[in-house]
Amino acid sequence: MGNTQGKELSPQMKERVLKLFAKFDVDGSKSIEKTETIKYWKSNFAKLNTEELFKSVDTDNSGTISEEEWLNFWTSVLRSGHTEEEISDELESIETGSSWCKFENLEKKG
C-alpha cells in the first residue's frame with residue numbers, strides 16, 4: 001500500500017469536506033455543536049449519529065468540532081488507507097442524510 005503518512009486531501013476533496021462541514025455548521029460559527037448535528041439528521045438516529053460523530057472527530061473532547069478537527073479526521077481516514085473515492089462516497093451518503101460511518105483503525109492525532 002506504500003507510505004500513507006504524508007498523504008493530504010486533494011484541494012477538491014478538501015473543498016468537498018468543508019462544504020459538508022458548512023451544512024452542519026448552520027450558524028456559521030466555524031464549529032459544529034451537537035444541537036446542529038441532531039437537527040441535520042432530524043429523526044434518522046440523530047442522537048446516535050451525533051454521538052458517533054463526536055466520538056470520532058471531537059479529539060479535544062470540547063463538545064464542539066472545529067474545522068481543523070473535521071479536516072484532520074478526513075485526512076486520517078485517507079492516511080489509514082481509504083481512497084478519496086471511498087471518502088467521496090461516504091460524504092455523499094452523509095449529505096443525503098444517511099448514518100455516520102464509523103471508520104476503524106484511524107491514526108490518532110494529539
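Predicted model: local features only at pLDDT ≥ 70, side-chain atom pairs only at ≥ 80, totals over all residues.

1. Leaving aside its neighbours within four places in sequence, Ser56 is in contact with Phe73 and Trp100. Ser56 lies in helix H3, and at 17% relative accessibility Ser56 counts as buried, because the cut-off for a buried residue is under 20%.

2. The setting of Ser56 leads on to the packing of its helix. H3 and H4 pack at an angle of about 85 degrees, with their axes 9 Å apart, and the two helices are therefore roughly perpendicular to each other, since angles of 65 to 115 degrees are placed in that class. On the H3 side the contact is made by Leu53, Ser56 and Val57, and on the H4 side by Glu69, Trp70 and Phe73. By residue class, the contact of H3 with H4 divides into four nonpolar, one polar and one charged.

3. The axes of H1 and H4 come within 10 Å and cross at roughly 135 degrees, an angle that makes the two helices oblique to each other, and H1 passes H4 in a right-handed crossing. From H1 the contact takes in Lys14, Val17, Leu18, Leu20, Phe21 and Phe24, while from H4 it takes in Glu67, Trp70, Leu71 and Trp74. The residues of this contact divide into eight nonpolar, no polar and two charged.

4. How do the axes of H4 and H5 cross? The axes of helix H4 (residues 67-79) and helix H5 (residues 84-95) come within 9 Å and cross at roughly 135 degrees, which makes H4 oblique to H5. The crossing of H4 and H5 is right-handed. In this contact Trp74, Val77 and Leu78 of H4 meet Glu84, Ile87, Glu90, Leu91 and Ile94 of H5, and the residues concerned divide into six nonpolar, no polar and two charged.

5. Is Trp41 buried or exposed? Trp41 lies in helix H2 (residues 34-41), and with a relative accessible area of 3% it is buried. Beyond its neighbours within four places in sequence, Trp41 is in contact with Phe24, Ala46, Asn49, Thr50, Leu53, Ile94, Gly97, Ser98, Ser99 and Trp100. One of these residues, Ser99, is 58 residues away from Trp41 along the chain, yet the C-alpha atoms of the two are separated by 8.1 Å. Trp100 is listed among the contacts of Trp41 and also among those of Ser56.

6. Most residues other than glycine have a negative phi. Asn61, although it is not a glycine, has a positive phi of about 55 degrees. Asn61 lies in the loop between helix H3 (46-57) and strand S2 (64-66), and it is exposed, with a relative accessible area of 66%.

7. As to annotation, UniProt lists residues 45-80 for "domain: EF-hand" in an unreviewed entry.

8. For the chain as a whole, the protein has five helices and two strands, and from the N terminus on its elements run α-β-α-α-β-α-α. Buried residues make up 39% of the 110 residues in the protein. Among the contacts with a separation of 6 or more, 60% are accounted for by residues 24 or more positions apart.

Methods
Residues numbered from 1 in each chain as written. Heavy atoms only, no water. UniProt positions renumbered as here; feature names shortened; annotations may be inferred. Helix = DSSP H or I, 4+ residues; strand = E, 2+ residues; numbered from the N terminus. Buried < 20%, exposed > 50% of the residue type's maximum accessible area, 1.4 Å probe, protein only. Axes fitted to C-alpha atoms, helices over the stretch in contact; angles between N-to-C directions. Parallel < 35°, antiparallel > 145°, perpendicular 65-115°, else oblique. Left-handed = near helix turned anticlockwise from the far one by under 90°. Contact = heavy atoms within 4.5 Å. Nonpolar A, V, L, I, M, F, W, Y, C, P; charged D, E, K, R; others polar.
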